[in-house]
Amino acid sequence: MGLAASNFIFLNALAVISVSVLVNGMRQSHEKEKQMSRSLERERLKLLESQKQLENEIQEHKHTEKALSESEKKYRHLFNNAPAGMYVIDFIRFRFVEVNDVLCVMSGYTQQELVKMDPRSLLSDESRHLFEKRFAELQKDGSKIRESEYEIITRDGLKKFVLL
């Protein structure tokens, strides 16, 4: 066997080893690719689940907004059309936040005037003292302010008794 034959056998053996190494590398690469594919599929499924949850939350939020809007409309209607004087007071600044037309007619003041006023200024001295006493009790122990009759003084100086 000559040099050419030994070179041929050597090159064939080298080729077999190279092919074997390449096949092993490809097999390992294929396994890693399958693992990555499975991992990506799990992540895709998680993202789809998260998307469904977000869509449900958005729908729930829209439903809640609609219910809140409808409730606000009902409140506005009742507040503005009540046959009694209605008001909302900011007890930190002691100012009317809003008043309805009936309270304006009862007091003789416009809405714009009332929202700039301290509500206690409508009360007679005796009623103001009673209100402040009850408000202090509320602040002290959290007791509920009971409905009471108070005397208000209208813009024209008339005295009227009202339930607050």
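The legends below accompany close-up views of a predicted model.

**View 1. The largest pocket and the residues that line it.**
The largest pocket of the predicted model has a volume of about 510 Å³, and 24 residues contribute to its lining. Those lying nearest the centre of the pocket are Tyr-87, Ile-89, Tyr-150, Leu-163 and Leu-164. Two or more lining residues come from each of strand S1 (87–90), helix H2 (101–107), strand S3 (149–153) and strand S4 (159–163). Sorted by class, the lining of this pocket comprises 20 nonpolar residues, 1 polar residue and 3 charged residues.

**View 2. Helix H4, its buried side and its exposed face.**
Ser-127, Phe-131, Arg-134 and Phe-135 are buried in H4, and they lie on the same side of the helix because they cover an arc of only 100 degrees around its axis. The buried residues of H4 pack against S3, whereas the face turned away from the buried side carries the exposed residues Asp-125, Glu-126, His-129, Lys-133, Gln-139, Lys-140 and Asp-141. After H4 comes Gly-142, which has a positive phi, near 75 degrees.

**View 3. Phe-94 in the loop between S1 and S2.**
Phe-94, which is found in the loop that joins S1 to strand S2 (95–99), has a positive phi of about 50 degrees although it is not a glycine. Its relative accessibility is 11%, and because buried means under 20%, Phe-94 counts as buried. When residues up to four places away in sequence are not counted, Phe-94 touches Met-117, Asp-118, Pro-119, Arg-120, Phe-131 and Phe-135. Among these contacts, Phe-131 and Phe-135 also belong to the buried residues of H4. Asp-118 is 24 residues from Phe-94 in sequence, and the C-alpha atoms of the two residues are 5.4 Å apart in space.

**View 4. Arg-155 in the loop between S3 and S4.**
Arg-155 is located in the loop between S3 and S4, and its relative accessible area of 44% makes it partly exposed, because that class lies between the limits of 20% and 50%. Leaving aside neighbours within four places in sequence, Arg-155 is in contact with Ser-107, Gly-108, Tyr-109 and Glu-113. Of these, Ser-107 falls within helix H2 (101–107). Arg-155 and Leu-68 are 87 residues apart in sequence, and their C-alpha atoms are 37 Å apart in space.

**View 5. Glu-72 in helix H1.**
Glu-72 has its place in helix H1, which covers residues 3–81. The relative accessibility of Glu-72 is 38%, so this residue counts as partly exposed. Glu-57 and Glu-72 are 15 residues apart along the chain, and a distance of 22 Å separates their C-alpha atoms.

Methods
Residues numbered from 1 in each chain as written. Predicted model: local features only at pLDDT ≥ 70, side-chain atom pairs only at ≥ 80, totals over all residues. Heavy atoms only, no water. 1 Å grid on protein atoms, 1.4 Å probe; cavity = no way out; pocket = protein on both sides within 12 Å on 5 of 7 lines; lining within 4 Å. Points joined across faces, edges and corners; volume = space filled by probe spheres on them. Helix = DSSP H or I, 4+ residues; strand = E, 2+ residues; numbered from the N terminus. Nonpolar A, V, L, I, M, F, W, Y, C, P; charged D, E, K, R; others polar. Buried < 20%, exposed > 50% of the residue type's maximum accessible area, 1.4 Å probe, protein only. Arc of directions from axis to C-beta. Contact = heavy atoms within 4.5 Å.
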